[in-house]
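Please find below my notes on this model, arranged as numbered points.

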Amino acid sequence: MNPTNNPTFADQQSSSDVVGKPLVRVDGRAKVMGAAVYSAEHNQLPDLAHAVIKTSDVAKGRITGFDDSAAKRIPGVLGIFTHLNLPPLAQTPSTSEGKKKIALAMQMSFTPLTSDQIFYAGQPVAIVVADTLEHAQHAAALLKVSVVAETPVVSYRDTQAKLFTPTEGAAAQVPAKRGDAQAAFSNAPVQLTLTCQHATNHHNPMEPGATIAHWEAADRVTVYDTTQAIASTHKALYVMLGLPPDNVRVVTKFLGGGFGSKLTMWPHTVLTAQVAKAVGRPVKLVLTRPQMFTSMGHREDQQQTLRLGATKEGKLLALLHEKISTTSPWDNYAEMNSKIVHMLYACPNFDASVKLARANVMTSTYMRGPGEAPGSFAIECAMDDLAYQVGLDPIAIRLLNHADKDPGTGKPWSSKSLKQCYERGAELFGWGKRNPKNGATRQGNKLVGWGMASGSYPVHDAQGNARVRLYADGHALVQAAATDLGTGTYTIITQVAADSLGIAPENVYFELGDSALPTTAMSGGSRAAGTVSSSVFLAAQDVWQKLIKLAIADQHSPVYKAKPADVEAVKGRLQLKADSTKGEAFITLMQRIGLDDLEGVATGHYGSSYESPEATLNTPQAKKDDAASHSMHSFSAHFCEVEVDTELGTVHVTRWVSVVAAGRILNSMTARSQVIGGSIFGIGAALMEGTVRDPHLARYTNASLADYHVCVHADIPEMTVAFIDEEDRYINAMGVKGLGEVSIVGTSAAVSNAIFHAIGHRLTSLPITPDKVL
Ligand code: MOS
């Protein structure tokens with residue numbers, strides 16, 4: 001992507017120093033002009049055929065036969081594939097060997113169309129390929145599937161559901177206990193118990209899951225796929241298809257959101273590759289909106305119970321967190337809600353447990369702030385209750401329990417500006433004018449409430465590679481196999497490359513979204529901004545080190561015969577550290593010595609494996625103040641005003657302030673958009689999002705955007721977003737913590753706390769729809 005396509009861009013910036021500035025999206029013009037080619041839009045492929053998945057209406061049972069006589073008569077049908085005739089995969093994640101090889105690249109270990117068993121409603125049972133989409137749809141509709149149905153289990157709430165404590169899988173990873181939480185709770189002068197229920201949530205990005213598979217030879221395939229994670233999709237595909245890694249290429253140039261649904265590969269992607277091979281033509285598959293509810297995971301329905309013990313003054317003594325949730329017949333997945341309960345406040349005693357129930361549902365998955373988003377709802381509603389109980393302001397109770405170091409590990413924070421988030425948020429919101437009494441502010445038939453909550457998100461470990469090629473005419477090609485969810489990766493990396501190379505952003509060509517490029521971290525867990533920016537920054541340093549070597553060897557250079565350590569690169573100039581007048585632009589050097597271009601590569605580390613150069617230089621190991629000895633998190637504070645209509649039971653968010661501390665902010669405009677998006681996501685989860693399953697058939701009854709409500713403009717007020725500047729030398733070379741998740745964590749609790757302040761009673765069953773308010 002190159003910003004010169006964007007006429008407004010050139011007006012804004014002409015030189016370096018663009019990191020942090022509100023640069024307009026370098027891909028913005030391509031997007032609004034329809035020139036941005038999304039995964040399902042590679043329509044130039046010759047003889048592109050179309051696939052349609054036929055799904056099961058039944059949630060549990062066995063397929064006894066197919067009748068394809070009518071379907072086959074539809075013109076243009078190229079193939080009708082079921083478990084009876086689909087050519088098998090070399091490997092699937094359901095075997096122990098496959099699990100080892102594909103682990104983490106696929107969230108669900110079950111592979112549809114491998115047997116006659118039906119485990120969930122919406123499970124693919126056939127895939128029809130035809131010359132046009134309409135022919136494929138028509139044939140799929142005519143295909144008859146005979147099924148013997150059995151009684152399904154719907155969720156953990158079913159009477160037939162059997163709860164168990166997982167001993168393996170993601171759900172088994174509960175944070176370590178500390179102290180004796182049970183005893184401390186029993187002896188605590190103040191005891192609170194909060195139980196919250198969360199409806200199943202679905203990601204519903206604007207762009208649904210979609211794949212085009214194009215076999216260029218019998219053993220070579222290019223897959224255009226809607227993935228947030230190029231490297232793991234690439235791996236899952238070459239392992240499952242039994243091909244050498246180099247024979248599979250994954251391309252994702254643009255994404256229309258994902259929210260975690262595109263973090264791991266789902267069955268439709270490999271099914272598309274299988275049928276494309278079978279029919280000998282490139283094949284396109286786009287999931288329908290209803291299929292999006294049963295094809296790419298969801299946030300599981302769950303119940304949390306948080307027991308909180310405190311002193312009469314409001315100091316925490318004990319936190320006991322229990323979670324119960326629904327999982328699939330095969331996988332032990334549950335978001336780890338207790339992670340945030342574990343680290344958000346100073347508390348000497350902590351314990352957590354997870355229980356699962358298997359039901360006839362696909363495997364749930366990561367969804368924005370997985371674990372932290374619902375976990376923060378429990379702890380931040382409970383802290384609000386505690387504030388009322390001991391007669392403290394909600395901010396005061398949080399300051400009283402502020403964790404000066406990580407309560408779980410005892411490590412110091414790499415940086416933490418939560419107190420500043422509270423202070424700035426309170427100022428922007430006018431929190432000081434808040435009436436401490438709840439249920440006391442009435443305007444006509446509306447009750448008005450103010451609530452706030454904290455958020456936090458960890459810096460996960462990641463690493464990634466980048467390549468920078470600097471040309472003698474002053475432009476650069478920058479490459480990394482990252483993805484841009486729409487959050488601004490193209491733009492922020494262009495800014496970082498421009499500053500690192502001392503060239504204008506319009507001279508940077510940043511290429512991402514292709515497994516042929518240097519491998520980097522997924523756009524997930526808030527890793528991408530920090531990892532990719534750091535690797536690009538370091539690759540630029542690699543370029544400079546190579547150029548400095550050439551400069552000091554060139555007798556016409558102003559730095560001729562200098563020691564490499566005495567030369568630095570500043571804004572594209574190679575100069576003596578001691579005398580900046582002795583230097584020249586890289587363009588001058590490269591053109592004089594006839595060097596057309598020069599390449600630099602680097603690996604950027606994000607998280608505890610990062611070691612800042614200052615930490616390692618001349619520092620004895622024993623004294624080394626390195627990243628691994630720190631706890632790394634971003635923090636946020638959200639403030640919400642609601643109006644509750646006491647006659648209709650409707651809740652309207654009327655004011656919003658979010659303040660976020662997430663290390664260095666690479667672009668103040670895209671960062672603000674991230675925070676607004678996260679907050680809206682949290683408001684949606686609090687007030688409207690949730691699917692409802694039929695208690696007998698175990699089907700989703702509202703699997704469409706007409707019936708699954710998400711926030712629209714009318715639901716959202718003007719939002720105020722502020723950032724606390726942080727310099728953090730332990731996170732990565734750029735000091736970037738990432739914004740994807742911290743923007744949502746705490747937001748649902750802020751809404752619930754505002755409702756509590758408005759109406760005087762606590763609502764903890766999400767979403768808080770009008771029937772629950774009345
Ligand atoms: Mo996010 S749930 O890490 O895409």
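**Notes on the predicted model**

1. Pro767 lies in the loop between β28 (765-766) and α19 (770-773), where helices (H or I, at least four residues) and strands (E, at least two) are DSSP runs numbered from the N terminus. The peptide bond that joins Leu766 and Pro767 is cis, with omega at about 0°.

2. On provenance, this is a predicted model, in which local features need pLDDT of at least 70 and side-chain atom pairs count only at pLDDT 80 or more, while totals for chains, interfaces and linings use all residues. Residues are numbered from 1 along each chain as its sequence is written.

3. The chain has 19 helices and 28 strands, and its C-alpha atoms fill a box of roughly 85 × 75 × 50 Å along the principal axes. For 774 residues a compact globule would have a radius of gyration near 28 Å, and the 27 Å of the chain agrees with that; the radius is taken over C-alpha atoms, and the globule rule is 2.2 Å times the number of residues to the power 0.38.

4. An open sheet of three strands runs in the order β4-β2-β6 with antiparallel pairing, two strands being paired if DSSP finds at least two bridges between them. Because β4 (117-118) and β6 (144-149) are the edge strands, each with a single partner, one side of each is left without a neighbour in the sheet. Strand β2 (residues 61-67) is joined to β6 by six bridges, and Gly65 stands opposite Ser146 in β6.

5. In the loop between α4 (96-102) and β4, Leu104 has a phi near 75°, which is a positive value in a residue other than glycine.

6. Helix α13 (residues 489-501) and helix α14 (residues 528-553) have axes that come within 9 Å and cross at roughly 25°, the axes being lines fitted to C-alpha atoms over the stretch in contact, with angles from 0 to 180 degrees between N-to-C directions.

7. The contact residues of α13 with α14 divide into eleven nonpolar, three polar and no charged, counting Ala, Val, Leu, Ile, Met, Phe, Trp, Tyr, Cys and Pro as nonpolar, Asp, Glu, Lys and Arg as charged, and the others, Gly among them, as polar.
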